[in-house]
Amino acid sequence: MTSSSVTSLSVLTGFILAIGITFVATQADARAFFVFGDSLVDNGNNNYLLTTARADAPPYGIDYPTRRPTGRFSNGLNIPDLISQHLGSEATLPYLSPELTGQKLLVGANFASAGIGILNDTGIQFVNIIRIPLQLAYFQQYQQRLRALVGSSQAKRIVNQALVLITLGGNDFVNNYYLVPYSARSRQYSLEDYVPFLISEYKKILMRLYKLGAHRVIVTGTGPMGCVPAELAQHSRNGECAAELQRAASLFNPQLTQLINQLNNEIGTTIFIAANTNMMHTDFVDNPKAFGFETSKIACCGQGPYNGIGLCTPLSNLCPNRDLYVFWDPFHPSEKANKLIVQQIMSGSTQYMHPMNLSTILALDSKA
């Protein structure tokens, strides 16, 4: 080999190494994203578990880029996917995915699991799901793996600067307190006492998350639980929302915002941001046509009254145009509804995002 060939080869090798180093640096500099919670934000963890709380069969995923079910409880993209797009990142992988290794760890991880709640006895009928203490334990395990990849100081920086989304609470009503008449929790607590109990338990979860290094945490409230097709099918004669579940949402959401204000005051800085997903969702439930929807009462996929009975399966009724429906299945919003929710998370007023929206957070943090 001539000296010029050796020189050319050295330059080429150096160039390839530089590209590799630049790629790792770019990945490390991008903001990581961590997701905790229930089916509204699960990216597919339950696919790896023996549970009935899963979305791994058609027609789930019918509008996802691959046109295949992924474990997301959506016809397409869910809220974390859409936030990832705004961050300029690829979607977070489920923590249980075997693909979550190496450089993929720098993107973050999704720990959410359909069926779970604030309380460990929520969703007991689903048996094998990742309840919140285990989600937090997996977050610790993730950090060990990250330290092995990039070192302790870099791992700490990635976690501290990451964006975190947590969505809990709906199942503590739908799949616990109101799951059956005279449920154990409804015999133990009146609704007025149950909500403060949930808030006190949620406080422990949020403080644990903070102590594990989460310094920017968006906390969503519940949606208008009484207006989902599953509840309309059981409780509604003329399309009116189920009053008792609406009362639960009206008690829970303001107390959650109060908790977030209290925690930020105690810590001395804005760690937690309240996302008023109840108001975001109520906007298009109350006036679907103003947002381009045909209906906010009937699910796209399902059966029975309002397509609200049972699960969305290959045998269910299926609408031809998902963008005309607020609800994809008896419980979960369509991709279009998720896009509207994320628009408000990004740029909504303080009515929707308290004390500030995500665009403001990203702008502030870019100057830090």
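The paragraphs below go from the sheet to the helices.

This is a predicted model, in which local features need pLDDT of at least 70 and side-chain atom pairs count only at pLDDT 80 or more, while totals for chains, interfaces and linings use all residues. Residues are numbered from 1 along each chain as its sequence is written, and side-chain values use heavy atoms, without hydrogens and water.

Six strands form an open sheet in the order β2-β1-β3-β4-β5-β8, with mixed pairing (two strands pair if DSSP finds at least two bridges between them; strands are DSSP runs of E, at least two residues, and helices runs of H or I, at least four, numbered from the N terminus). Because β2 (108-110) and β8 (353-354) stand at the edges with a single partner strand each, one side of each has no neighbour in the sheet. Strand β3 (residues 163-167) runs parallel to β4 (residues 217-220), joined to it by four bridges, and Ile-166 stands opposite Val-219 in β4.

The axes of helix α11 (residues 335-347) and helix α12 (residues 358-367) come within 4 Å and cross at roughly 45° (axes are lines fitted to C-alpha atoms, for helices over the stretch in contact, and angles run from 0 to 180 degrees between N-to-C directions). The two helices α11 and α12 are therefore oblique to each other, a term for angles that are not under 35 degrees (roughly parallel), over 145 (roughly antiparallel) or 65 to 115 (roughly perpendicular). Their contact (heavy atoms within 4.5 Å) is made by Ile-345, Met-346 and Ser-347 of α11 with Leu-358, Ser-359 and Leu-362 of α12.
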